[in-house]
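Hi,

Here's the structure I said I'd pass along.

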Amino acid sequence: MRRRWIAPSAVVWLVVAAAFFLIPLIATLLFSLRSIQTNKCCSGAAYSLIVHDHQFWSTIRLSFQLALETIAISLLLFVPTVYWVHLKLPRLRPVLSLMALVPFVVPPIVLVVGLLNLYKGAPSWFYDKPYGFLATAYVILAFPYMFFALDAGFRSIDLHTLTEASQSLGAGWGTTLTRVILPNIRVAALGGSFLTLAIVMGEFTIASLSAFKTFPPYIQVVNESQPYEAAALSLLSFLIVWAAMLALVLVGRGRPRPAQVAATR
Amino acid sequence: MIVGAFKNAHGGATLHHMHQIVQQPYRDQYWLTIKVSLITAGVGSFLGLCIAYAMIREGTPRFLRTILTTFSGVAANFAGIPLAFAFIATLGTIGIATTFIKDHLGYDLYAHGFTIFGQTGVELTYLYFQIPLMILVIAPAIDGLRAEWREAASNLGATSWQFWRYVGIPVLLPSILGAFILLFGNSFSAYATAYGLAGNSVFLIPITIGFYYSGNVVSDPHFAQALAFGMFVVLAVMMLLYVPLQRRSARWMR
Amino acid sequence: MAYLELHELRRAFGPVVALDGIQIELAAGEFLSLLGPSGCGKTTALRLVAGFDRPDSGSIVIDGKDITRLSPNRRDMGMVFQAYSLFPNLTTEQNVEFGLRIRKHKRGARRKRVAELLELVGLGHAGKRFPHQLSGGMQQRVALARALAIEPRVLLLDEPLSALDAKVRVQLREEIRRIQTQLGITTLYVTHDQEEALSVSDHVAVMWSGRIEQVGTPSEMYGAPATPFVAEFIGTMNRLQAVVVDGDRGEVEHAGTLLTVDAARGRSRGEKVLVLVRPELLELEPSTNGSTAGDNTLGGEVVTHTFLGSVTRLKIQGREAELIADVPTARVDSLPVGQPIVAHVPTAGTRLLSLNEEPASDEPDQDGR
């Protein structure tokens, strides 16, 4: 409201923050540009090796496909559920929020222990394939972020009036959901989807322990022999998260900020 | 589903596993994991709070806030294997920062006991997602600090320090405690980052669980489940400590 | 001699001039209101006095000492904010005690003073409650007690009632005045509500776009507005554009009608003026033949009724301008909507403003913040 100069202590803290956040990124970039022969700057060899590695393409494709599958399943599962709970069973909402906290509180390592145990007896087309087991795990992992994004989205619109208006004009449940409700929660759904994308593209714990070759385990494998390529891949991974977050900010512009943390540590 | 997993951990000669996980070396590993979590949550909360306040306070240009918030969204999510390598590239034995400091400042970090693959290294790396997470979760609380409170306090004769002592910190305390516990859990359950960084040198409990589970080493799923159950207990104890503290600090809200 | 003096204060925020050299003096124990529309600079002025902001030029002098550069926590000013200024983590008692604690008063003395003050604002029973457990009106009472606790040299009130509902507002403003008189404390009160300002103040200063338009007692402000802005802002006013016809006899011409008003005497012929008439001074009569009967009357037709209690406000479509007249409600039945009427303009009690002095823009809506 009132014009004032930035406080000196604020400058100090912000510079500290900038240094702490940027130095590892810049260092990674410089590191990835080192030449394999001379260990000196600068060479694009690491990058050219990556793009010629078919494993790079296959793992990143697998991660991306998994992300899309997780997003699709999550949306199909949670949009109607959250809609129904908001419309008809508002008393269940706290229960659902509590459930959504479970994957958040339970460490992924514990989750994977539980899941591997639970699905041990499952048919091999499910248990042995990333599209089955891993996607299921990721839907669970993404549940809190998807739920809270959708929950916020549904809360920001007048659900009852929209539904009643749509039905009084002759629309059935399906039409109401797809033609009336969905366009109104699009931003929330997109927000949840981008977060899910970021999670799945970076998820290492579950993928590696259940021995699937997605993108993050691939970086780990590369690191064991080729540090410069690993740095390049790390940077690339960072850019993927950046893209997802930037998309999140862009779709959510001018709206209540969706949840922004969905990490896979 | 998760409960089911733990029931199996009990199945058969259960108490044996439960007894085992409080023995060495696991007791030390739990303790190390808790210590790393407490330190990174504490330091992360403090630094995150200071940075978030610097970002929000009057006088700081608005665009800096937008940049920092977006960046925090990225950094809080940029964890796991890639983060580990970013830090290895920076502060590893031949990392950019390590060589820079050695060549230009004449100080050899590794000759003085530092290693990115040790406990300090892991903690430093964890801060890279802990601080941004703190910034994200504490920013709304700082936004809630009204300018009127500051002004009323100074009007009544309080210095800036006295304002923070009597009003600012007490008002933020419930949020800070909540954020701290979140950061603790965040660090406690971190697996990928530590694995990528120091999989063979810093024995945190999640890494040990991974070893027992992956089958590369001695595969003993039941014991891994017992260890996982132990993690669960630690988190539950933290929550039990947290709830009354939170209640006390938020007395004035009810 | 003035106790508090604001001397030629200027403050600009970038290109926006919030205060354009204002000059205000308060005697010890005086209650002065700064009245004006939002963005007129009144809050800026108050914040300069409190020390939350520094003027670009000018000075603030209290009791002969220049405090312009003094930091706010050393000024001994008690301030009551619009709302939500109570520390949420402290009880009512602790809030009131805050300033005394900072000043390191003895515990026993603090207790006693807090109890006194809570009694004074009628909240002796609510000492242990937290702010969010109090109603808006109670919160503002606590804020007042807290500001008074430090025995401030000046009490500053920044629209303290604007967040409250109408009934509480009237009750609390009377109480503020009672306490102020009882303690004899010099008070600077900022408000945009003219009724509020007129009802509690010793003096009112009307501000508009960073300047003081007029300072005076409430009755002076109402009865003798010095500028068109003040005339418009305080109360409701009929503004008739007219041209002076005869300065000796006080005749002006408005919409083809000759009106005699005392205020026009001595004006030069041809001068463009505004004739200002309060709605309660216009006397209405039903007109039977549609013509204007007698001297000093304007013709028109009743357009709407607005019931205000003891009076009813009538909007009248005149030949050139809309008129507003307040009629005792008992009489209003003879003046139904659609009724042609004649309105008597009183010769005395009418004000005249020269249009040549009127600023280019009438709209008091510039936002200085």
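Chain C is split by the domain assignment into domain 1 (2-232) and domain 2 (237-354). Keep in mind that this is a predicted model. Taken over C-alpha atoms, the centres of the two chain C domains are 40 Å apart. Where they meet, ten residues of domain 1 of chain C touch eight residues of domain 2 of chain C.

As for charges, the count between the chain C domains is one salt bridge. There are also two residue pairs in polar contact between these domains, both residues at pLDDT 80 or more. Helix H7 (218-223) and helix H8 (228-233) of chain C each give two or more residues to the domain 1 side, and by class that side has seven nonpolar, two polar and one charged residues.

Now for chains A and B. Their contact takes 63 residues from chain A and 67 residues from chain B. The buried area is about 5600 Å², and carbon and sulfur atoms give 76% of it. The salt bridge count between chain A and chain B is zero, while three residue pairs are in polar contact across the interface (both at pLDDT 80 or more). H1(A) supplies the largest share of the chain A side, 15 residues. By class, that side of chain A has 46 nonpolar, twelve polar and five charged residues.

Cheers

Conventions
Residues numbered from 1 in each chain as written. Chains lettered and ligands numbered in written order. Predicted model: local features only at pLDDT ≥ 70, side-chain atom pairs only at ≥ 80, totals over all residues. Heavy atoms only, no water. Contact = heavy atoms within 4.5 Å. Buried area = accessible area lost by both parts, 1.4 Å probe. Salt bridge = Lys/Arg side-chain N within 4 Å of Asp/Glu carboxyl O. Polar contact = N/O pair within 3.5 Å; in protein donor to acceptor, adjacent residues only side chain to side chain. Helix = DSSP H or I, 4+ residues; strand = E, 2+ residues; numbered from the N terminus. Nonpolar A, V, L, I, M, F, W, Y, C, P; charged D, E, K, R; others polar. Domains from an automatic or database assignment.
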